[in-house]
Amino acid sequence: MNELRDLLGDLVADVDAVFLFSPNASFFEEFDDIDEEIVVVGPENTLDAEPFVELPIDFTDLEGRLRFGIEGALEQGIVDEGDEVLCVTEVLDGAENTLVRVQTNDFSPSGVYDMFVNSRADASVVRDVFEVAIELGKKGQKGKPVGALFVVGDAGKVMNKSRPLSYNPFEKSHVHVGDPIVNVMLKEFSRLDGAFVISDAGKIVSAYRYLEPSAEGVDIPKGLGARHMAAGAITRDTTATAIVLSESDGLVRAFKGGELVLEIDPEEY
Ligand SMILES: Nc1ncnc2c1ncn2[C@@H]1O[C@H](COP(=O)(O)OP(=O)(O)OP(=O)(O)O)[C@@H](O)[C@H]1O
Ligand SMILES: [Mn+2]
């Protein structure tokens with residue numbers, strides 16, 4: 001028993017900050033008079049906590065969630081590189097059942113915070129496209145697995161580095177991601193080849209684009225094919241974010257700055 005207490009004592013000793021992930025009000029209040037800095041991380045700041053890091057999507061995987069919180073706090077200057085932080089969170093729906101101690105420079109930032117918050121595209125647009133990709137991944141098209149590629153932001157430049165594979169069904173329309181009807185259209189058109197191009201503000205600029213970025217030196221995980229390579233490469237040539245649903249492994253991946261920054265399994269989302 002003492003060994004267990006010692007283990008826990010070591011884990012929480014001398015941390016610079018404590019990150020509470022989506023705490024409820026009473027749990028949060030218990031931390032009122034502790035000396036360490038308290039950082040609340042969650043989808044919405046219902047507790048008016050300060051400092052606060054907003055989660056743009058529901059990270060079901062622990063590592064993705066922790067990374068987002070810590071990268072966000074670093075970016076906002078709430079913690080410094082080299083700080084020791086203690087994260088209090090849940091896994092497997094177990095309320096506050098998990099403590100993770102991390103030194104902020106023990107991991108290299110994945111860029112996931114940057115992708116949502118410092119994109120030229122609105123964070124809500126990136127999130128809406130993510131949600132379409134995840135839904136498509138869960139349901140497929142008429143029960144069959146389907147792949148899709150969405151390029152969000154910096155649309156003018158993306159259009160310059162791509163060519164049409166077919167007529168553009170969005171040519172004269174002014175429709176935006178997030179509208180329920182548009183989500184249906186995106187899913188319908190995802191059966192056909194190529195990429196969707198979406199503006200910073202969420203306007204669907206085109207479907208059926210064949211991307212022709214320079215892929216020289218783009219380093220994406222081995223085993224991913226042409227769709228993922230094109231997605232990675234277009235985000236190095238432009239400031240866009242690319243979101244890809246893989247037809248073959250069913251995962252949703254995001255690329256920014258030529259790198260893979262996020263990988264999500266729609267089945268667990
Ligand atoms: N440069 C490109 N621009 C737009 N779409 C592309 C490009 N290259 C491939 N695609 C699309 O990706 C589809 C699948 O290609 P491929 O199997 O090589 O990619 P992948 O990365 O393995 O993706 P998946 O995991 O979905 O199979 C193609 O049929 C095509 O619709
Ligand atoms: Mn493939």
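Ligand 1 sits in the largest pocket. Keep in mind that this is a predicted model.

Next, show the residues around the ligand. There are 13 residues around ligand 1. Asp-193, His-228, Ser-246, Glu-247 and Ser-248 come nearest. Color the shell by class.

Which elements give two or more residues to the shell around ligand 1? Select strand S9, residues 204–211, and helix H8, residues 226–237. Then stay on H8. Helix H8 gives four residues, the largest share of the shell.

Zoom in on the polar contacts, one at a time.

- Select Arg-227. An N or O atom in the Arg-227 side chain lies 3.0 Å from an oxygen atom of ligand 1.
- Select Gly-225. Here a polar backbone atom is 3.0 Å from an oxygen atom of the ligand.
- Select Gly-194. A backbone N or O atom of Gly-194 is 3.3 Å from an oxygen atom of ligand 1.

Switch to a surface view. On its own, ligand 1 has 620 Å² of accessible area. How much of that area does the protein cover? The protein covers 76% of it.

Finally, zoom out and select residues 109–266. An unreviewed UniProt entry annotates this span as "domain: DAC". Look for helices and strands here: the span is 32% helix and 23% strand. Then pick the C-alpha atoms at the two ends of the span.

Technical notes: Residues numbered from 1 in each chain as written. Chains lettered and ligands numbered in written order. Predicted model: local features only at pLDDT ≥ 70, side-chain atom pairs only at ≥ 80, totals over all residues. Heavy atoms only, no water. Near = heavy atom within 4 Å. Polar contact = N/O pair within 3.5 Å; in protein donor to acceptor, adjacent residues only side chain to side chain. Areas by Shrake-Rupley, 256 points an atom, 1.4 Å probe, with all protein chains shown as cover. 1 Å grid on protein atoms, 1.4 Å probe; cavity = no way out; pocket = protein on both sides within 12 Å on 5 of 7 lines; lining within 4 Å. Sits in = over half its atoms within 2 Å of the grid points. UniProt positions renumbered as here; feature names shortened; annotations may be inferred.
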